[in-house]
2 protein chains.
Amino acid sequence: MIYVCRDMQYEEAKSKFIQAWGTLGSSWGINKAMAQIHALLLISSEPITADEIMEELQMSRGNVNMNVRALMDWGIVQKQNKAGERKDFFIADKDVWELARQVSRERRRREIEPIIRVLSDVQKVDGKSDEISEFKSVTNELKEFSTKIDNVLEKFVKSDQNWFLKLLMNL
Amino acid sequence: MIYVCRDMQYEEAKSKFIQAWGTLGSSWGINKAMAQIHALLLISSEPITADEIMEELQMSRGNVNMNVRALMDWGIVQKQNKAGERKDFFIADKDVWELARQVSRERRRREIEPIIRVLSDVQKVDGKSDEISEFKSVTNELKEFSTKIDNVLEKFVKSDQNWFLKLLMNL
DNA sequence: CATTATTTTCAATAAATTTTGAAACTTTAG
DNA sequence: CTAAAGTTTCAAAATTTATTGAAAATAATG
């Protein structure tokens, strides 16, 4: 094994960032490997191959393949082909606002809209006991709140960065 | 085992809600048992004991104890004492806005602020290569974005419901 | 078409997380 | 103080989730 001499300070910063991004992902329900691959792609100045990801993050080909695919499903990573190269290259969208918008879009679709559907559905129960009243009242408040959040996110998803910045001014 | 005849429609709705809340929790990094206990407390018209939670959700005493404690750490569940009763009773805050505010407060403290600290820290690396420039640029954008989100959440946490509703009007 | 490079799949394995349950501990009542 | 009731702890077990690696599938090359 040959170690090329590289900028240690940078290598440490990079590793720290990848680590931290993985941990953040975990606490928001995103698998660590997926978040780490995303981190690596975010800071790569060039598109990189599965082999490079495997090497850099020390993970298996299967794991890289699965998680890169998941990132593509989220719409935040793309496959690229390089002329004269057979391998697939991957890049992450570097625009943080676009990233946030895309993540909002997906979480809305995958998590917020389904829970609103359940909340609407369970509302249909009838009865006037304390238990049932409390149930209807709480689930209704949750539904109304979720709907508001859903609407804000919808706006955000459809907006440009400027809209958000203006919103921030109004605070 | 004796089954008391209860409103089946309600029992199903309740179970569906608890299930869905648990699943939602999971996809946002909150353990399922914790989210389910929270769901049960949310819809309980009266404070309930650990035994009642165990019975209703079919989980062990240890599990209930651990997760109720975690919910108290999040500041969204409280212990109550009933006159003439030795057991602890638990209640969840029923105000959905207050709940959202409290969750925002905690996630800010536990996840957003730490990642901002890491992003600021890794920025300190120096060098002018493409690699390092890209690294600095991306981590800086992430830091600025996170700081903006942190500020919005801070406002939200300190605000009353009315502030948010007014904000929604402006959309 | 045969060969080789590359990607994908998926059963087996490993790792991480959650859950249990019984013992230790604490609190209250008598 | 003692006994009973209730709560907490935590090592072990169970479960869930993530990861590996090798075989199968696919795509490109000559």
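This is a predicted model: local features need pLDDT of at least 70, side-chain atom pairs count only at pLDDT 80 or more; totals for chains, interfaces and linings use all residues.
Helices (H or I, at least four residues) and strands (E, at least two) are DSSP runs, numbered from the N terminus. H4(B) gives the most to this surface, with four residues. By class, the surface near DNA strand D has seven charged, seven polar and four nonpolar residues; Ala, Val, Leu, Ile, Met, Phe, Trp, Tyr, Cys and Pro count as nonpolar, Asp, Glu, Lys and Arg as charged, and the others, Gly among them, as polar.

Residues are numbered from 1 along each chain as its sequence is written, while chains are lettered from A and ligands numbered from 1 in the order in which they are written. Local features need pLDDT of at least 70 and side-chain atom pairs count only at pLDDT 80 or more, whereas totals for chains, interfaces and linings use all residues.

Chain A also holds a hairpin of S2(A) and S3(A), with six residues between them. Strand S2 (residues 77-81) and strand S3 (residues 88-92) of chain A pair in the antiparallel sense over five bridges; pairing requires that DSSP finds at least two bridges between two strands. Asn81(A) has Asp88(A) as its bridge partner in S3(A). In the turn, Gly84(A) has a positive phi of about 75 degrees.

Between the chains, 41 residues of chain B are in contact with 41 residues of chain A (C-beta atoms, placed from the backbone, within 7 Å). On the side of chain B that touches chain A, H6(B) gives the most, with 13 residues.

Methods:
Two residues are in contact if their C-beta atoms, placed from the backbone, lie within 7 Å.
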